[in-house]
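Take a walk through this structure from its overall build to its side-chain pairs. Keep the sequence and the 3D view side by side.

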Amino acid sequence: MIRKTLSASLLAALFLATPALAEEATIGRPIQGGSLHQGHLDMVAYYVPDGDLLEVTATFAPKTGGDPLRVVMGLANSDSVAFSIPGYPGSLYAFSRSGKEVTVSTDTSLRADATMP
């Protein structure tokens, strides 16, 4: 059991060390954490059930120091939302729910203030 956990941790560390323009984490059960570390912010998220909603809490911390920002949102099944953090417009964060899974992603190649067709 410990060997499998260590192997999985090593594989995850190697995967996270690979540079990419987009990063994604899927949270599959309550209180399970997911994190993203791309760009100028580190982000950690988890959810707890709240009736038919999943209450998602995401905390964003600047890598250069400073006060963290916490966002709490309720997602119904099939909901999705995307936004940028004030002061960090180069990254777009997206949260989507499918059943009991919440997927969180960021894409530093997108601009949140871009005009939609």
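Predicted model: local features only at pLDDT ≥ 70, side-chain atom pairs only at ≥ 80, totals over all residues.

In what order do the elements of the chain run from the N terminus on? The order is α-β-β-β-β-β-β-β-β.

Some totals come next. The chain has 117 residues, and 27% of them count as buried. Its accessible surface comes to about 7800 Å². Carbon and sulfur atoms hold 59% of that surface. Now take the contacts in the chain with a separation of 6 or more. Residues 24 or more positions apart account for 30% of them.

Turn to the strands. Strands of a sheet pair through backbone hydrogen bonds, and the pairing is either parallel or antiparallel. An open sheet of four strands is found here, in the order β1-β8-β7-β6. Its pairing is antiparallel. The edges are β1 and β6, each of which pairs on one side only. From one strand to the next, the twist averages 15 degrees.

Strand β1 covers residues 22–27 and pairs with strand β8, residues 101–107. Six bridges join these two in the antiparallel sense. One partner to look up is T106 in β8, which bridges to E23. Strand β1 also has two faces. E23, A25 and I27 make up the covered face. A22, E24 and T26 make up the uncovered face.

β7 and β8 run antiparallel and are joined by seven bridges. Here F95 has V104 in β8 as its bridge partner. F95 will come up again below.

Now look at the rings. A pair of aromatic rings is described by the distance of the centres and the angle of the planes. A search of the whole structure finds three aromatic pairs. One of them is F60 with Y93, an edge-to-face pair. Their centres are 4.9 Å apart, with 75 degrees between the planes. F60 sits in strand β4 (residues 53–62) and Y93 in strand β7 (residues 88–98), so this pair ties together parts that are 33 residues apart in sequence.

F83 and F95 form a stacked pair. The distance is 5.6 Å centre to centre, and the planes are 10 degrees apart. This pair links distant parts of the chain, with F83 in strand β6 (residues 80–85) and F95 in strand β7. The two are twelve residues apart. Both F83 and F95 are buried. Ring pairs link F60, F83, Y93 and F95 into a cluster.

Finish with the charged side chains. How many salt bridges does a search of the whole structure find? The search finds one. K63 pairs with D42, and the closest N and O atoms are 3.8 Å apart. K63 lies in the loop between β4 and β5 (69–75), and D42 lies in strand β3 (residues 41–50). These residues are 21 apart, and the pair links distant parts of the chain. How accessible are the two partners? K63 has a relative accessibility of 43%, so K63 counts as partly exposed. D42 has a relative accessible area of 27%, so D42 is partly exposed too.

Definitions and conventions. Residues numbered from 1 in each chain as written. Heavy atoms only, no water. Phe/Tyr/Trp six-rings, centres within 6.5 Å; stacked < 30°, edge-to-face > 60°. Buried < 20%, exposed > 50% of the residue type's maximum accessible area, 1.4 Å probe, protein only. Pairing = 2+ DSSP bridges. Axes fitted to C-alpha atoms, helices over the stretch in contact; angles between N-to-C directions. Contact = heavy atoms within 4.5 Å. Areas by Shrake-Rupley, 256 points an atom, 1.4 Å probe, with all protein chains shown as cover. Salt bridge = Lys/Arg side-chain N within 4 Å of Asp/Glu carboxyl O.
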